Amino acid sequence: MIGFLESLQDKSKLRADICIVGTGPAGITLAMELIDSGLKVVILESGEFEFDPDIQNLYAGDIVENLPPVPLDVSRLRFFGGTSNHWDGSCGPLDRIDFRARDWIPNSGWPLTREELDPFYKKAQQLIGLGTFEYRSSTWSNKNLDLFEIDGTDIAHGMRQSYPQRFGPVYQKDLENAENVHVILHANLTGIHTNEAFDYVTTIEATALGGKSITIDVKSVVLACGGVENARLLLAFGFSSKLPAIGRYFTFHPHLLTGQLLLEKPVLHSRFPYRWHDISGTRIMHHFLLSEQAQEREKLPNHAAKIKEIRLVDAKGYSAAKRLNERLRGVRNFDHVMDDLYDVLTDLDGAYTQWNRRHSEHHISLLNIETYLDQSPHPDSRILLSEDKDALGIPRAKIDWAYFAHEPAGVQRFNEILSSSFGAAGIGRVKIADNMTDPTNFEELVRERSTGHHQIGTTRISEDSQSGVVDSNCRVHGFNNLFCAGSSVFSTASHMNPTTTIVALSVRLAEYLQSHSEVSA
Ligand SMILES: Cc1cc2nc3c(=O)[nH]c(=O)nc-3n(C[C@H](O)[C@H](O)[C@H](O)COP(=O)(O)OP(=O)(O)OC[C@H]3O[C@@H](n4cnc5c(N)ncnc54)[C@H](O)[C@@H]3O)c2cc1C
């Protein structure tokens with residue numbers, strides 16, 4: 001059943017075996033896995049079926065020095081289906097090495113292995129609508145793709161699949177028809193009440209923007225509100241007195257334009273494996289990684305690089321737009337710049353026509369190298385509460401991002417290894433971005449390309465309650481019945497987009513909840 005909070009009586013009291021907060025990929029996966037479990041599941045969702053600016057405004061927050069550079073009410077969506085309403089659908093599991101404790105990566109190591117997660121990844125593939133759980137490039141790169149032949153053991157191929165499924169519309173009917181599931185829209189989590197011993201959640205409070213509220217007596221609660229919001233809510237409701245790591249170890253997958261690659265032998269666009277291809281109904285794309293041996297030897301994290309064609313229209317269009325912007329700066333009377341504007345439009349038109357003519361089949365020779373960072377978890381990189389409050393009186397989130405001083409040099413080294421491997425294999429020559437080790441340059445590079453769309457690590461899985469917030473079952477340390485789902489629980493970030501792992505961990509959590517919950521009479 002799906003309904004609105006306003007259709008319930010003000011101050012109604014409900015009961016739930018499991019209360020899930022949030023209907024993004026994490027919350028919907030949990031709910032789908034608990035259908036027909038016999039458990040009474042209540043799901044609270046702040047939004048409705050469509051975007052609403054007043055509800056979205058509850059997500060606005062502060063970002064110190066604009067890193068990540070995208071505002072908090074842009075990098076997530078607050079309605080049924082969550083941020084999957086505009087995600088890109090790039091998917092893949094984390095690599096084996098991501099789970100390992102690496103003595104060269106501060107705070108690394110999950111109390112879980114990739115092998116333990118594999119069965120859940122398989123289920124996640126189905127729930128997201130992807131192809132089979134197969135990420136070996138040898139399986140996909142058929143004779144129609146010209147995969148680079150890389151010599152040596154330093155560089156390896158990785159790959160991802162894509163299917164930008166909108167979780168809300170896809171699973172709405174199932175949730176409407178589920179007898180044991182009640183989704184309540186316009187239900188913002190506004191309180192988490194515990195017993196006196198402060199180790200058990202007794203009641204959850206939800207409020208609509210109009211002021212109507214309900215309470216739910218719960219046996220278990222899962223926060224599935226996204227990587228920033230899980231931490232914000234726990235901080236706002238006083239949990240940091242017991243759990244000092246809430247909000248810490250935040251990262252967002254910075255990606256940087258780190259160089260250009262000029263190919264020795266141009267590759268046909270149709271055979272170029274480093275863009276999206278449809279193979280037997282699955283969308284796939286390849287990228288580059290350092291092999292595990294190279295990561296160990298060089299003491300580097302698990303960064304990845306994508307190579308992307310530099311198209312004439314991009315290059316010309318960019319310089320034309322830049323020229324126009326320079327001319328327009330401070331200009332009020334546009335008559336003076338009409339000639340410039342005309343030139344710029346002619347440039348753009350010419351570039352577009354050329355690109356169009358060449359687009360269907362052409363040779364690719366010049367490429368941008370984009371590095372996707374696996375940032376090491378840093379305790380001072382954090383979500384805090386702002387002085388400002390939202391319309392429900394909850395302090396807004398504030399991001400204060402930090403990174404280790406050695407990390408820019410690691411990005412530089414990763415690119416050097418990539419370049420020499422490309423050179424040695426006769427693939428092409430690389431021009432590496434200037435002076436990445438200078439923090440000002442590094443942060444400029446982070447600002448240029450990064451988005452902040454992945455928010456990671458703020459209630460991380462850890463062995464103890466000092467270095468993280470949840471245990472390996474995603475249960476908040478020191479609380480019997482409070483859980484977190486989503487990328488906030490990742491111990492380390494990897495280079496890979498997070499949603500496949502979010503869904504896999506949610507399938508695993510649903511299984512745990514089912515086997516550890518008593519069905520209400
Ligand atoms: C532009 C863009 C592109 C992206 N592309 C990719 C990609 O290609 N691959 C990838 O893996 N990831 C991508 N992501 C990230 C991806 O969208 C997220 O990882 C994913 O949506 C997280 O799922 P979630 O369920 O944890 O959180 P969300 O999807 O953010 O859902 C959180 C839910 O909680 C609800 N909520 C929040 N606060 C409250 C409250 N107080 N009370 C009640 N409900 C609340 C929200 O309304 C929302 O429904 C992208 C993100 C963006 C912005």
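User: Which residues line the largest cavity?

Analyst: In this predicted model, the structure holds 1 cavity of 30 Å³ or more, and the largest cavity has a volume of about 40 Å³. Its lining divides into 5 nonpolar, 6 polar and 1 charged residues. The residues that line the largest cavity are Tyr249, Thr251, Gln375, Ser376, Pro377, Ile456, Gly457, Arg460, Phe490, Ser491, Thr492 and Ala493.

User: Are helix 4 and helix 13 roughly parallel or roughly perpendicular to each other?

Analyst: The axes of helix 4, residues 114-128, and helix 13, residues 499-516, come within 8 Å and cross at roughly 110°. Angles of 65 to 115 degrees count as roughly perpendicular, and therefore helix 4 and helix 13 are, to each other, roughly perpendicular.

User: How many nonpolar, polar and charged residues does the contact of helix 4 with helix 13 have?

Analyst: Helix 4 passes helix 13 in a right-handed crossing. On the side of helix 4 the contact includes Leu117, Phe120 and Lys123, while helix 13 brings residues among them Val503, Arg508 and Glu511. Sorted by class, the contact of helix 4 with helix 13 has 10 nonpolar, 4 polar and 3 charged residues.

User: Which element gives the most to the lining of the second largest pocket?

Analyst: The second largest pocket has a volume of about 580 Å³ and is lined by 25 residues, of which Asp95, Arg96, Arg114, Tyr135 and Arg136 lie nearest its centre. The elements that give two or more residues to this lining are helix 3 (96-99), helix 4, strand 6 (155-162), strand 13 (282-290) and helix 8 (292-298). With 4 residues, the element that gives the most to the lining of the second largest pocket is strand 6.

User: How do the residues of the lining of the second largest pocket divide into nonpolar, polar and charged?

Analyst: Arg96 and Tyr135 are among the residues that lie nearest the centre of the second largest pocket. Taken by class, the residues of the lining divide into 10 nonpolar, 8 polar and 7 charged.

User: Does helix 1 pass helix 6 in a left-handed or a right-handed crossing?

Analyst: The contact is made by Pro25, Ile28, Thr29, Ala31 and Met32 of helix 1 and by Phe167, Gly168, Tyr171, Asp174 and Leu175 of helix 6. By class, this contact of helix 1 with helix 6 has 7 nonpolar, 2 polar and 1 charged residues. The crossing in which helix 1 passes helix 6 is left-handed.

Key
Residues are numbered from 1 along each chain as its sequence is written. This is a predicted model: local features need pLDDT of at least 70, side-chain atom pairs count only at pLDDT 80 or more; totals for chains, interfaces and linings use all residues. Side-chain values use heavy atoms; hydrogens and water are left out. Axes are lines fitted to C-alpha atoms, for helices over the stretch in contact, and angles run from 0 to 180 degrees between N-to-C directions. Angles under 35 degrees count as roughly parallel, over 145 as roughly antiparallel, 65 to 115 as roughly perpendicular and the rest as oblique. A crossing is left-handed if the near helix is turned anticlockwise from the far one by less than a right angle, and right-handed if clockwise. Contact means heavy atoms within 4.5 Å. Ala, Val, Leu, Ile, Met, Phe, Trp, Tyr, Cys and Pro count as nonpolar, Asp, Glu, Lys and Arg as charged, and the others, Gly among them, as polar. On a 1 Å grid over the protein atoms alone, a cavity is a set of points where a 1.4 Å probe fits but cannot get out, and a pocket is an open set with protein on both sides within 12 Å along at least five of seven lines; lining residues have an atom within 4 Å of a point. Grid points are joined across faces, edges and corners, and a volume is the space filled by probe spheres set on the points.
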